[in-house]
Amino acid sequence: PMAVTAYYNVSQGQSEVLSVTQENLRVVSQSVASEIDQLLIENQRVSASMAGDPNVIAYLSASEEERLAMQQVISDTLENFAVTHPDYDAPGLINANGIVVASTNPALIGRDYTFRDYFAATIQGVPYISDISVGRNTNIPGFFFTNPVFKADGEVVGMNIIRYKGGSIWEITDSVTVGEEGITVLVDQ
């Protein structure tokens, strides 16, 4: 009888420890997910502020000839954005036809992005946050944020695009300690 009682107590204790450990991991996981979600929401707001910049609206609303005259102004606007937001890579503007018309990375100007998910969503007037991906040009993981740029009458004249470097996400996940040998894994939808 004492052996049975001891076995029962040990089994119950192990079960309780497992239950508490699982609950703690769930709480940590939800906390990290919330922190990443908040980071994405804040960066979407930053992207939206760029889409509402009067210079951006004027540039994307202008004719091809008018854009040439505004090139320095829009270049300065994008450069200022890049300098004040160092976690972003190559902020730029895409016209309503899906062509990059301005960017801090000149190699991107003229590229057609009509095939991208973010273009299809944003041209319909919907902001977009991509899944994490590795950039073809930069080979750095990150997220794409796009926001529609509207004229005063509500017409979508294009969108801004920024690529948020994934370093901050890695810092969040790497800061989590799971036992002595546990690892943190980030999973998309």
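This briefing describes selected strands, contacts, salt bridges and surface features of one protein model. The model is predicted: local features need pLDDT of at least 70, side-chain atom pairs count only at pLDDT 80 or more, and totals for chains, interfaces and linings use all residues. Residues are numbered from 1 along each chain as its sequence is written, and side-chain values use heavy atoms, with hydrogens and water left out.

**Strands around β6**

- Strand β6 covers residues 156–165, and nine of its 10 residues are buried. Buried means under 20% relative accessible area, exposed means over 50%, and partly exposed lies in between (1.4 Å probe, protein chains only).
- Helices (H or I, at least four residues) and strands (E, at least two) are DSSP runs, numbered from the N terminus.
- Strand β1 (residues 88–95) runs antiparallel to β6, and six bridges join them. Two strands pair if DSSP finds at least two bridges between them.
- Tyrosine 88 has tyrosine 164 as its bridge partner in β6.
- Strand β5 (residues 141–150) is also antiparallel to β6, with nine bridges between the two.
- Phenylalanine 150 has valine 156 as its bridge partner in β6.
- Five residues lie between the strands in the hairpin of β5 and β6, where glycine 154 takes a positive phi near 95°.

- Alanine 90 lies in strand β1. Alanine 90 has a positive phi of about 50° although it is not a glycine.
- Most residues other than glycine have a negative phi.
- Alanine 90 counts as buried because its relative accessibility is 17%.

- Asparagine 43 lies in helix α1, which spans residues 2–51. With a relative accessible area of 7%, asparagine 43 is buried.
- The side chains of asparagine 43 and tyrosine 88 make a polar contact of 2.4 Å. A polar contact is a pair of N or O atoms within 3.5 Å; within protein, one must be able to donate a hydrogen and the other to accept it, and residues adjacent in sequence count only if both atoms are side-chain atoms.
- Beyond its neighbours within four places in sequence, asparagine 43 is in contact with Tyr88, Phe145, Ile162 and Tyr164. Contact means heavy atoms within 4.5 Å.
- Serine 47 also lies in helix α1, and at 0% relative accessibility serine 47 counts as buried.
- A polar contact of 2.8 Å joins the side chains of serine 47 and asparagine 147.
- Leaving aside neighbours within four places in sequence, the residues in contact with serine 47 are Phe145, Thr146, Asn147, Asn160 and Ile162.
- Serine 47 and tyrosine 88 are 41 residues apart in sequence, and their C-alpha atoms are 10.0 Å apart in space.

**Threonine 77 in helix α3**

- Threonine 77 is in helix α3 (residues 64–84). Threonine 77 is buried, at a relative accessible area of 14%.
- The side chains of threonine 77 and asparagine 55 make a polar contact of 3.1 Å.
- Not counting residues up to four places away in sequence, threonine 77 touches Asp53, Asn55 and Val56.

**Salt bridges**

- The whole structure has four salt bridges. A salt bridge is a side-chain nitrogen of Lys or Arg within 4 Å of a carboxyl oxygen of Asp or Glu.
- In one of them, arginine 163 and aspartate 89 meet at 4.0 Å, N to O. This pair links distant parts of the chain: arginine 163 is in strand β6 and aspartate 89 is in strand β1, 74 residues apart.
- Arginine 163 is buried, with a relative accessible area of 5%.
- Glutamate 23 forms a salt bridge with arginine 26, and their closest N and O atoms are 2.4 Å apart. Both residues lie in helix α1, three residues apart, about one turn of the helix.
- Glutamate 23 counts as partly exposed at 36% relative accessibility, and arginine 26 is partly exposed at 38%.
- Glutamate 155 and lysine 151 form a salt bridge with the closest N and O atoms 3.2 Å apart.
- Glutamate 155 is partly exposed, with a relative accessible area of 40%, and lysine 151 is partly exposed at 29%.

**A nonpolar surface patch**

- Ile132, Trp170 and Leu186 form a nonpolar patch on the surface, and their accessible area together is about 240 Å².
- Patches are made of residues with over 30% relative accessible area and no salt bridge: like charges are joined within 9 Å, nonpolar side chains (Val, Leu, Ile, Met, Phe, Trp, Tyr) within 5 Å.
- Accessible areas come from the Shrake-Rupley method with a 1.4 Å probe; for residues, only the protein chains shown count as cover.
- Tryptophan 170 lies in helix α5 (residues 167–174) and counts as partly exposed at 35% relative accessibility.
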